[in-house]
Amino acid sequence: MSLNRQNEKERIRAVIANTQPSSAHLLHILFALQQHFLHIPREAVVEVARHLDLPIAQVQSVVEFYSFFHQTPRGRYDILFSTCTSCGYLAGGGNLLEMLRQRLGVVADETRGDGLVSISETSCIGMCDHGAALLLNARPIVRVDMAKIELIATLIDAETPLEDWPADWFNVDDNIRSKGMLLNNEFSNGNALRAALTRGAEGTLSEITDSTLRGRGGAGFCTGKKWQLCREAAGAARYVVCNADEGEPGTFKDRVLLHSHTDTIFEGMTLCGFVIGAEKGFVYLRGEYRYLLPHLQDVLKRRRNRNLLGDGILGHAGFNFDIEIIVGAGAYICGEESALIESMEGKRGIPRVRPPFPVTHGYLGQPTVVNNVETLFAAAHIALRGSTWFKAAGTEESAGSKIISVSGDCAKPGIYEYPFGVSLRQILEDCGTSNVQAVQISGPAGTLISSAEFNRTLAFEGLASGGSLMVYGQERDILAIINNYAHFFAHESCGFCTPCRVGTTLIKKSMDKIFNGHGTRYDVDEIKRVAAVARQSSHCGLGKTIANPVLDGLQRFPQVFEQRLLHRDFAPHFDLDAALEQARQMSHRDDAAAHLGNLSPSPAGGTKEVSS
Ligand code: SF4
């Protein structure tokens, strides 16, 4: 073995030695290696597999699955530019990204020759209330504009350490614009747990069930029922998992809760542990929010010191519970609860076949409650104030309040809390909008709403939302937004099942064709056919919703499609005449006879005759 290889192997072993030796920490081990080597060398995959006693193929497949891991070196300044509809398209992020690439001489997805810098695109990083945004070495930089792009390039070229960059660039504000029953109420640490101890586990479960609290991640399953099923399931151990992997474009409410209501969330997890009989909880934190990790660790430490975590919580013998944080590595699908559990176990985030559900067969095959951040936040308040207090707000089928992330074309983007039943019109008024063309509820997998429907209300029985509301002004090109979503789904499909893997690519290609003025009615029908197959036969929820933006667009904004369609039966994806351009140049011919007789699309969306 050469000296260099021996040296690399020793460095790999030194990095691994500083991490915890369990497959549950595989993502953390790989992240540490990525930080050290700016990629994950093949030798490291072998060493990690040996260290954890895992098949090499499993470690390799994990490296390949997560978009924050790389097999070739990234730059010492590694930039991921958000292409989310809100902080990308609506905030002009696309132009800024190109500016930065040109200014630094970086080709997309390639590391500059001197190894200094790399720039790639990434899906929503949860900074939609801060204008254009990017991650630099896993730290968010927000409110990016042309002036900042120039400064960023200058600082990188000068190889300025990040500690010497303007500190305020990294400041992420909460932007809480409107507080309701949860955000307004003071929360004294430990009081929800004291109330739970007074009621007992069964009494607390009854209180949560009576409150009719439903999961805030989007699916709306009854929280009390979920806790009960887990409590009653047979198992050697039980687990509580806080799903902090909010990846739906336009959603950032959990970021704010994790930052400013951390204790309440941890208390919600602890009382869930008390009810179901779990001694261990996990926060699965999305990789994009890694910058929150030191803060979360500090709060956990403080709670342990105050006997709010650990053994004999609040002096109650047998009440043992602690929390660990697992950080993801850039995979939207890990927001799906069974994919999240797979990821926690050190595997690719592929959704499991369900049933069985995680409440009976979850983490390590044991009964597991997976709750959204906001659900646990609400549960802690309910334990403290009671179900009657909670049910006093909201509607019959949707008790309590919903915290919404508002972004896009509005004067006051940020966090808004409303009782369920609030109208879209009210929200749009509060966040400072005028002349709104449409809003997108619950991200691309949700619903596109036109101005004719702004009286609709937010509720599980009305417009259900995981927490994202994006506003589109009149000047926005709805087709560009729909096309952006088609690209998003194609990028985020985990690739496990054919209808979704192939379907997302077909829809993306058809939408590109339509958006660029080459599409026909045939392409629209093709999207509908693909959507029907994907909805019927995809393995998980993502595949069932891949065409939602297109179908909503066709229903509510048919004119934006009509304006771009070629009015004939069919046009090929492939432009044969354009492909012959190189041959024409080589033969120095560009006369009419050197072109194919064809109808070529005009940019205006009509057709023009090309003579032959
Ligand atoms: Fe993966 Fe899509 Fe299949 Fe879900 S539907 S398992 S995201 S390929």
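**Exercise 1.** Find how many aromatic pairs the structure holds, then classify the pair Phe65 and Tyr66.

*Solution.* In this predicted model, the count of aromatic pairs comes to 13. Step one for a single pair: a pair of aromatic rings is described by the distance of the centres and the angle of the planes. Step two: for Phe65 and Tyr66 the centres are 4.9 Å apart and the planes stand at 75°. Step three: an angle over 60 degrees counts as edge-to-face, so Phe65 and Tyr66 make an edge-to-face pair. Ring pairs also bring in Phe69, giving a cluster of Phe65, Tyr66 and Phe69.

**Exercise 2.** Decide whether Phe65 is buried or exposed, and do likewise for Tyr66.

*Solution.* The cut-off you need is under 20% relative accessible area for buried. Phe65 has 18%, so it is buried. Tyr66 has 1%, so it counts as buried too.

**Exercise 3.** Work out the geometry of the Tyr239 and Tyr363 pair, and say which parts of the chain the pair ties together.

*Solution.* Start with the rings: their centres are 5.0 Å apart and their planes are at 90°, so Tyr239 and Tyr363 pair edge-to-face. Tyr239 is in strand 6 (residues 239-244), while Tyr363 is in the loop between helix 13 (337-344) and strand 9 (368-372). The pair therefore ties together parts 124 residues apart in sequence. Finally, check burial: Tyr239 is buried at 13% relative accessible area, and Tyr363 counts as buried at 6%.

**Exercise 4.** Over which rings do the charged ends of Arg286 and Arg290 sit?

*Solution.* For Arg286, look at Tyr289: the charged end sits over that ring, 5.1 Å from its centre. For Arg290, the ring belongs to Phe31, and the distance to its centre is 3.3 Å.

**Exercise 5.** How many cavities of 30 Å³ or more does the structure hold, and what lines them?

*Solution.* There are 2 of them. Take the largest cavity, at about 140 Å³. Its lining has 19 residues, with Arg286, Glu288, Gly330, Ala331 and Tyr332 nearest the centre. That lining has 7 nonpolar, 8 polar and 4 charged residues, and helix 17 gives the largest share, 3 residues.

Then take the second largest cavity, with about 90 Å³ of space. It is lined by 13 residues, and Cys494, Cys497, Cys500, His539 and Cys540 lie nearest its centre. By class, 8 are nonpolar, 5 polar and none charged.

**Exercise 6.** Where is Gly281 found, and is it buried or exposed?

*Solution.* Gly281 is in strand 7 (residues 280-285). With 0% relative accessibility, Gly281 counts as buried. Its C-alpha atom is 6.1 Å from that of Asp322, a residue 41 positions away along the chain.

Conventions: Residues are numbered from 1 along each chain as its sequence is written. This is a predicted model: local features need pLDDT of at least 70, side-chain atom pairs count only at pLDDT 80 or more; totals for chains, interfaces and linings use all residues. Side-chain values use heavy atoms; hydrogens and water are left out. Rings of Phe, Tyr and Trp (its six-membered ring) pair if their centres lie within 6.5 Å; planes under 30 degrees apart count as stacked, over 60 as edge-to-face and the rest as tilted. Buried means under 20% relative accessible area, exposed over 50%, partly exposed in between (1.4 Å probe, protein chains only). Helices (H or I, at least four residues) and strands (E, at least two) are DSSP runs, numbered from the N terminus. A charge sits over a ring if NZ of Lys or CZ of Arg is within 6 Å of the ring centre and within 35 degrees of the ring normal. On a 1 Å grid over the protein atoms alone, a cavity is a set of points where a 1.4 Å probe fits but cannot get out, and a pocket is an open set with protein on both sides within 12 Å along at least five of seven lines; lining residues have an atom within 4 Å of a point. Grid points are joined across faces, edges and corners, and a volume is the space filled by probe spheres set on the points. Ala, Val, Leu, Ile, Met, Phe, Trp, Tyr, Cys and Pro count as nonpolar, Asp, Glu, Lys and Arg as charged, and the others, Gly among them, as polar.
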